[in-house]
Amino acid sequence: MPFILTVNYMLNHMKPTLKITLTALLIVFISACASTNTIKKPKGLSSQFNTNISGSGLKIFSLKAKTQQVLAARTTSTDAKQSQKQLTRWLEQELAAQLTESGFCESGHTEIERSIGSGFAIIRGECNELAPS
């Protein structure tokens, strides 16, 4: 509680330009912390998000990704595993973003298939709810 009172006292007795500067710095630091979990799209990666609604109302989606680059002959198995792990994490992040942005699966989803290999990946699933008829 004394810390809050001290901060409150300092804010009430600061010059307005200092308040603005500190506020701007705080926003920058918070933004930097919030974006640290975002995984950058690997170079040379193309992806495609598809949705489909069957005649019975079943809502199905797929996210496919493939890389343009072929692993060099001198690539170690550790590098290949690291690359595959990064692709998997990016694919999961991208799927969550696509489903949120599109609003396709409002009640969540179930993964049906996941296949990740050297230079390609696919996740297929279905929504927990049916499409309205």
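1. A friendly place to start is the pairing inside the sheet: Lys 66 has Phe 120 in β4 as its bridge partner. Along with that pair, Leu 63 is bridged to Ile 123 of β4. Strands β2 and β4 run antiparallel to each other and share 7 bridges. Please keep in mind throughout that this is a predicted model.

2. On confidence, the mean pLDDT of the chain is 78, and 66% of the residues reach at least 70. The stretch to handle with care is residues 22–35, where the pLDDT is below 50. Beyond near neighbours in sequence, that stretch makes 1 contact in the model. Where pLDDT is low, predicted coordinates should not be read in detail.

3. Now the sheet as a whole. It is open, with 4 strands in the order β1-β2-β4-β3 and antiparallel pairing. Strands β1 and β3 (109–117) sit at the edges, each pairing on one side only. From one strand to the next, the twist averages 10 degrees.

4. The β1 and β2 pair deserves a look of its own. These two strands are antiparallel over 9 bridges, and Phe 49 stands opposite Leu 63 in β2. Their hairpin has 5 residues between the strands, and Gly 57 there adopts a positive phi near 95 degrees. Taken with the first point, Leu 63 faces Phe 49 on one side and has Ile 123 of β4 as its other bridge partner.

5. How does α3 lie relative to the strands? The helix lies across β1, β2, β3 and β4, and runs at about 150 degrees to β3. Thr 88 counts as buried because its relative accessibility is 17%, under the 20% cut-off. Leaving aside residues up to four places away in sequence, Thr 88 touches Arg 114 and Ile 116.

6. Which residues of the largest nonpolar core touch the most other members? They are Phe 61, Leu 91, Leu 95 and Leu 99, out of 16 residues in that core. Two or more core residues come from each of β1 (45–53), β2 (59–67), α3 (77–102) and β4 (120–127). The largest share is that of α3, with 5 residues.

7. Not counting residues up to four places away in sequence, its contacts are Phe 49, Phe 61, Leu 63, His 109 and Ile 123.

8. Finally, Arg 124, which belongs to strand β4. Is Arg 124 buried, partly exposed or exposed? With a relative accessibility of 33%, Arg 124 counts as partly exposed, because that value falls between the 20% and 50% cut-offs. Arg 124 lies 62 residues from Ser 62 in sequence, yet their C-alpha atoms are 4.3 Å apart. Apart from residues up to four places away in sequence, Arg 124 touches Phe 61, Ser 62, Lys 64, Glu 111, Ile 112 and Glu 113. With Glu 113, the side chain of Arg 124 forms a polar contact of 2.8 Å. As background for viewing this strand, side chains in a regular strand alternate between the two faces of the sheet.

Notes:
Residues numbered from 1 in each chain as written. Predicted model: local features only at pLDDT ≥ 70, side-chain atom pairs only at ≥ 80, totals over all residues. Heavy atoms only, no water. Core = buried A, V, L, I, M, F, W, Y, C linked by side-chain atoms within 4.5 Å. Buried < 20%, exposed > 50% of the residue type's maximum accessible area, 1.4 Å probe, protein only. Contact = heavy atoms within 4.5 Å. Pairing = 2+ DSSP bridges. Axes fitted to C-alpha atoms, helices over the stretch in contact; angles between N-to-C directions. pLDDT = per-residue confidence, 0-100. Polar contact = N/O pair within 3.5 Å; in protein donor to acceptor, adjacent residues only side chain to side chain.
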